[in-house]
Amino acid sequence: MSKGDLAESTLAIRAFVQKVSAVSLSDPHFQAKITQVAEEAMDFPLLFVFAELLDMPQIKNAPASVQEKIKLFAYRTFRDYKAESAKYGPLTVNQINKLRQLTIISLSEKSRIIPYTLLLHELDVPDVRQLEDLVMTSIYQGIISAKMDQAAAHLEVHSAIGRDILPGPSGAPDLSAIRATLAHWVETSDKLLATIDERVNFTSVAATDSRNRSEDFETKLKTAKETVKVAIDAGAMSAGPMGGAQRMMMMGSGMEDFVGPDMFDKRHKYPKHGGSRHRF
């Protein structure tokens with residue numbers, strides 16, 4: 001979620017906290033008023049966390065159906081709603097879309113790569129076109145950072161906002177799932193670091209080997225050049241094909257690595273003045 005989206009979400013939370021706080025518990029129309037505010041909160045497109053509302057005395061004293069419906073958006077998925085729709089009552093179009101978006105977030109917590117087939121099933125969406133529209137809206141709103149791979153028919157989620165943490169038996173947030181996720185992340189990070197170290201070591205060894213071979217080549221080349229220069233200066237090497245003496249001078253110098261075998265063939269033919277030929 002971008003800074004702008006986060007700011008709007010924070011403002012939305014504060015606005016509904018104020019709205020709920022404004023409903024007096026002693027108001028004779030309390031049940032109707034708190035139900036209306038709760039419905040507005042669940043319907044609002046930029047509100048995706050509900051823990052603060054659930055902790056407020058007004059919500060705790062709201063009708064049981066209202067409390068359960070808010071918990072649906074806080075902790076559960078669209079598949080949970082379909083299984084017990086009578087328990088939660090009807091949802092508006094905005095609420096259906098929001099619950100589907102929250103379901104995508106829950107699925108991304110289990111796997112970064114989510115097949116379209118799984119999304120279509122869990123979100124109860126009739127076709128891929130509608131699914132991709134929903135995903136695009138979620139990306140635009142900053143709920144998830146993801147890429148749709150139409151060829152592979154899956155959604156690759158890079159990051160997503162966090163959902164409310166389901167309370168444990170004691171009423172405190174159950175952090176076991178978070179601990180398990182962090183432990184898995186640490187394990188994956190350790191494996192990744194080990195692989196990186198292995199690649200770095202391999203690259204270092206390969207670079208050293210390449211450098212040694214390059215230095216050896218340069219040394220041989222330098223020696224060969226010096227040998228040829230000495231031979232030329234001493235008048236031991238002619239401009240014609242190489243004889244045995246010249247070849248012996250180059251042996252062991254490394255020069256044979258830089259000239260072809262034809263240079264040592266005494267049967268080479270060379271043109272003479274006037275176009276006639278002779279052989280050595």
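Student: Are Phe50 and Phe73 buried or exposed?

Tutor: The model here is predicted. A residue counts as buried when its relative accessible area is under 20%. By that cut-off, Phe50 and Phe73 are each buried.

Student: Why is the pair of Phe50 and Phe73 called tilted?

Tutor: Searching the whole structure gives four aromatic pairs. In the pair of Phe50 and Phe73, the ring centres are 6.1 Å apart and the planes meet at 55°. Planes under 30 degrees apart would be stacked and those over 60 edge-to-face.

Student: Which parts does the pair of Phe50 and Phe73 tie together?

Tutor: Phe73 belongs to helix 5 (residues 64-75). Phe50 is in the loop between helix 2 and helix 3 (51-54). The pair therefore ties together parts 23 residues apart in sequence, namely that loop and helix 5.

Student: Which residues form one aromatic cluster?

Tutor: An aromatic pair needs ring centres within 6.5 Å. One aromatic cluster is made of Phe78, Tyr81 and Tyr88.

Student: What should helix 2 span, and what is the distance between its end C-alpha atoms?

Tutor: Helix 2 covers residues 30-43, which is 14 residues. The expected span is 1.5 Å times one less than the number of residues, and for helix 2 this comes to 20 Å. The end C-alpha atoms agree with that, as they are apart by 20 Å.

Student: Where around helix 2 do its buried residues lie?

Tutor: The buried residues of helix 2 are Phe30, Ile34, Val37, Ala38, Ala41 and Met42. Around the axis they cover an arc of only 135°. That arc is why they lie on the same side of helix 2.

Student: How many residues does helix 11 give to the lining of the largest pocket?

Tutor: The largest pocket holds about 1,200 Å³ of space. Helix 8 (93-110), strand 3 (154-160) and helix 11 (176-233) are the elements that give two or more residues to its lining. Helix 11 gives the most, and its number is nine.

Student: Which residues of the lining lie nearest the centre of the largest pocket?

Tutor: The lining of the largest pocket has 32 residues. By class, 13 are nonpolar, 11 polar and eight charged. Those nearest the centre are Ser106, Ser108, Glu109, Lys110 and Thr181.

Student: What is the phi of Asp124, and what is that of Ala153?

Tutor: Most residues other than glycine have a negative phi. Asp124, in the loop between helix 9 (116-123) and helix 10 (128-140), is not a glycine, yet its phi is positive. Ala153, in the loop between strand 2 (144-149) and strand 3, is not a glycine either and also has a positive phi. The value for Asp124 is about 55°, and for Ala153 it is about 55°.

Student: How far apart in space are Ser159 and Arg112?

Tutor: Ser159 is in strand 3 and is partly exposed, at a relative accessible area of 38%. In sequence, Ser159 and Arg112 are 47 residues apart. In space, from C-alpha to C-alpha, the distance between them is 8.5 Å.

Student: How far apart in space are Ile165 and Ala74?

Tutor: Ile165 sits in the loop between strand 3 and helix 11. Its relative accessibility of 33% makes Ile165 partly exposed. Ile165 and Ala74 are 91 residues apart in sequence, and their C-alpha atoms are apart in space by 8.0 Å.

Conventions. Residues numbered from 1 in each chain as written. Predicted model: local features only at pLDDT ≥ 70, side-chain atom pairs only at ≥ 80, totals over all residues. Heavy atoms only, no water. 1 Å grid on protein atoms, 1.4 Å probe; cavity = no way out; pocket = protein on both sides within 12 Å on 5 of 7 lines; lining within 4 Å. Points joined across faces, edges and corners; volume = space filled by probe spheres on them. Helix = DSSP H or I, 4+ residues; strand = E, 2+ residues; numbered from the N terminus. Nonpolar A, V, L, I, M, F, W, Y, C, P; charged D, E, K, R; others polar. Buried < 20%, exposed > 50% of the residue type's maximum accessible area, 1.4 Å probe, protein only. Arc of directions from axis to C-beta. Phe/Tyr/Trp six-rings, centres within 6.5 Å; stacked < 30°, edge-to-face > 60°.
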